[in-house]
Amino acid sequence: MNRIDERFARLKRENKKALIPFITAGDPDMEHTIEMAKILETSGADIIEFGIPYSDPLADGPVIQASAQRALKSGMNLDKAFDMIGKIRAETSIPIVFLIYYNCIYQYGLERFINNCAEVGIDGAIVPDLPYEERQELAPVIDNALVYFISMVAPTSAQRIRDIASKAKGFLYCVSSLGVTGERRHFDASVTSFMERVNECSAVPTALGFGISRPEHMRQLGHLADGLIVGSALVKKIEQGASNQDIYEFIKELRLALDESMAKIMGGNS
């Protein structure tokens, strides 16, 4: 069983939700990213999402775009990212996914990418610029791969949600709102109806991302999905030079708030 499946199965048994932090690989350098991975796990992360820096990250807002530029300047590339994950994997069994733009995979070679993911212990790949229809052309290669290609749905997916969800593996990445990544103060009420529809269609766990950054977001949105993804807020702390202890306390606070949201649900069902 893929580590993603194992983690969500365990969380379900424990009546918990997945906390999925995002950081950019190599920001500000490889050694810092390796250290961050350890801190994220010990502070309560369930899955770690590593962004592979790219020069034209269309889905990302200014905070993550800036982190990608810092990582590229530090020399990070896909081969070094694989080396980095190998070092992280030697010390942890936490599920690990890449967020990577398809041009990086195309230039690297799809089968080579998949083989290297399996070799170093990467469990999934989120490819935000690979449309569902084009993904189907790659199905003979990716459907049988040990690494899961994580599907994404957004409010604009409309009638395609059921088709996308039916082919999903690992978890279904649900984009909370239109636009690029970045912190948000509030979420439109339509996110509730969107997630109700996605959960109705999906046979795999759902994870909600884009804009989630605060403990109150954990409490507000935790009941809507099987996991919540936090990116820009964490990346901004890294940019600002936050200490290891500050990062630990930030993730721990999110973890506690997410657990509170689930406890409230269970209390209401008792």
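This is a predicted model: local features need pLDDT of at least 70, side-chain atom pairs count only at pLDDT 80 or more; totals for chains, interfaces and linings use all residues.
M1 sits in the segment before helix α1, which covers residues 3-13. Is M1 buried or exposed? M1 has 73% relative accessibility, so it counts as exposed. Now look at I114, 113 residues along from M1. The C-alpha atoms of M1 and I114 are separated by 17 Å.

Next, the aromatic rings. How many aromatic pairs are there? The count comes to eight. I'll show you two of them.

Take F82 and F98. Their ring centres are 5.9 Å apart and their planes meet at 50 degrees, so this pair is tilted. F82 belongs to helix α4, residues 78-89, and F98 to strand β3, residues 96-99, so the pair ties together parts that are 16 residues apart in sequence. F82 is buried, at 4% relative accessibility. F98 is buried too, with a relative accessible area of 0%.

The other pair is Y102 and Y106. Here the centres lie 6.4 Å apart and the planes stand at 45 degrees, so this pair is tilted. Both tyrosines lie in helix α5, residues 102-108. They are four residues apart, about one turn of the helix. Why does that spacing matter for direction? An α-helix has 3.6 residues a turn, so residues three or four places apart point the same way. Accessibility separates the two tyrosines. Y102 counts as buried at 19%, where the cut-off is under 20%. Y106, at 58%, is exposed.

Elsewhere, K237 lies over the face of F250, at 4.9 Å from the ring centre.

C117 is buried, at 0% relative accessibility. C201 is in no disulfide either; the sulfur of C174 is the nearest, at 10 Å. C201 also counts as buried, at 12%.

On to empty space. Rolling a probe the size of a water molecule over the atoms shows where empty space is left. The second largest pocket has a volume of about 240 Å³. Which element gives the largest share of its lining? Helix α1 does, with five residues. Among the lining residues are D5, F8, K12, V204, D226 and M262. By class, the lining has six nonpolar, one polar and five charged residues.

There are three cavities of 30 Å³ or more. The second largest cavity has a volume of about 70 Å³. Twelve residues line it, and F22, G51, I52, D60 and I64 lie nearest its centre. Strand β1, residues 18-24, and helix α3, residues 62-73, each supply at least two of the lining residues. This lining divides into nine nonpolar, two polar and one charged.

Last stop: helix α12, residues 232-239. Which of its residues are buried? They are S232, A233, L234, V235 and I238. Just after α12 comes G241, with a positive phi of about 75 degrees.

Technical notes:
Residues are numbered from 1 along each chain as its sequence is written. Side-chain values use heavy atoms; hydrogens and water are left out. Buried means under 20% relative accessible area, exposed over 50%, partly exposed in between (1.4 Å probe, protein chains only). A disulfide is a pair of cysteine sulfur atoms within 2.5 Å. On a 1 Å grid over the protein atoms alone, a cavity is a set of points where a 1.4 Å probe fits but cannot get out, and a pocket is an open set with protein on both sides within 12 Å along at least five of seven lines; lining residues have an atom within 4 Å of a point. Grid points are joined across faces, edges and corners, and a volume is the space filled by probe spheres set on the points. Ala, Val, Leu, Ile, Met, Phe, Trp, Tyr, Cys and Pro count as nonpolar, Asp, Glu, Lys and Arg as charged, and the others, Gly among them, as polar. Rings of Phe, Tyr and Trp (its six-membered ring) pair if their centres lie within 6.5 Å; planes under 30 degrees apart count as stacked, over 60 as edge-to-face and the rest as tilted. A charge sits over a ring if NZ of Lys or CZ of Arg is within 6 Å of the ring centre and within 35 degrees of the ring normal.
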